[in-house]
Amino acid sequence: MTQTAVIALGGNAILRPGQSGTLAEQVTNIRTACRQIAEIVGLGYRVVLTHGNGPQVGHLLLQNEAAREQVPPMPLDVLGAQTQGQLGYLLQRELQKALREQGQPGHVVALVTQVEVDPADPAWHCPSKPVGPFYTKAQARALLAADCGPLQEDAGRGWRRVVASPPPLRIVELAAIQSLVRSGATVIACGGGGVPVTAGPNGWEGAEAVIDKDLVAQRLATDLAADLLVILTDVPRVYLHYGTPHQQGLDTVTADEAQAYLAEGWFPPGSMRTKMAGAIGFVAAGGGRAVITSLEAAVAGVAGLAGTQIRR
């Protein structure tokens, strides 16, 4: 029986730290990722791929600011849709090539996906999700004086714009994704956490927010009744005492054990906290297994031989 795996690819796997963001750089990185994903398809999984878009949205925000006197800037939901199209196309193209190289013909479909959020959620009053480029303290002061939205210091690396990050309620195009998966297609959906929308009297309305990619990956995996959720990041597994001489890797843990670590504060707000929350939520909702590992160890992680494995 064919199993379904939802794979969440981090935005930094597409544009790596220190790179300028040229098309050639991003295509090279995407090609590497797609070879790993094609191998997972070769293991017998139907794959639904989602991806981050943080660096790419940051570049679009810079373009917005640099050209605002010549070209009207676009809101954040439109920028999210732009990156879904941009990265979806590149992933679709390279994944199709990788599948053919491995003798696995099949369709790859990229879908611009909307995700509903609650307009009454408290997150709207506490913007917390950093987006866009880093600024010096002087630049941040100038932006605040120009009423360019809230900014906050980000882990000693500089100041960044912050926006609301409400949790996902539902994936608007879920039925279409389910139909594509049943047809045998490899699907790319919910990129960048999906385009955030709220329900209005005349249909969906875009929202100035960013939904966390890992929580959307969990929502997607749960709604598809997937067998496996794979969250790919830049470290081979989850660690306690990360970055200290007492660093301890987690190999296989139950969802209850992982939840206890989360509640004890082992994973401060930021990347790993939401990855753990997404993995735990998937398993707690009935999912078979979640894996958190690096892109390089993705195939071994799916096979249960690498990464942090979270089980019932």
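Predicted model: local features only at pLDDT ≥ 70, side-chain atom pairs only at ≥ 80, totals over all residues.
Residues are numbered from 1 along each chain as its sequence is written, and side-chain values use heavy atoms, with hydrogens and water left out.

View 1. Helices (H or I, at least four residues) and strands (E, at least two) are DSSP runs, numbered from the N terminus. Along the principal axes, the C-alpha atoms fill a box of roughly 60 × 45 × 40 Å. Of the 312 residues, 48% count as buried, meaning under 20% relative accessible area (1.4 Å probe, protein chains only).

**View 2. Packing of helix α1 (residues 23-42) on helix α3 (residues 76-101).** The axes lie 8 Å apart at an angle of about 50°; axes are lines fitted to C-alpha atoms, for helices over the stretch in contact, and angles run from 0 to 180 degrees between N-to-C directions. The two helices are therefore oblique to each other, a class left over once angles under 35 degrees (roughly parallel), over 145 (roughly antiparallel) and 65 to 115 (roughly perpendicular) are set aside. Residues of α1 including I30, C34 and V41 meet residues of α3 including L87, L91 and L95, where contact means heavy atoms within 4.5 Å. The residues of this contact divide into 13 nonpolar, 2 polar and 5 charged. Ala, Val, Leu, Ile, Met, Phe, Trp, Tyr, Cys and Pro count as nonpolar, Asp, Glu, Lys and Arg as charged, and the others, Gly among them, as polar.

**View 3. Helix α2 (residues 54-66) against α3.** The axes of α2 and α3 come within 10 Å and cross at roughly 125°. That makes α2 oblique to α3. Q56, V57, L60, L61 and N64 in α2 meet L76, L79, Q82, T83, Q86 and L87 in α3. By class, this contact has 6 nonpolar, 5 polar and no charged residues.

**View 4. Q218 in helix α6 (residues 213-223).** Q218 counts as buried, at 15% relative accessibility. Not counting residues up to four places away in sequence, Q218 touches L229, G278, G281 and F282.

Notes
Buried < 20%, exposed > 50% of the residue type's maximum accessible area, 1.4 Å probe, protein only.
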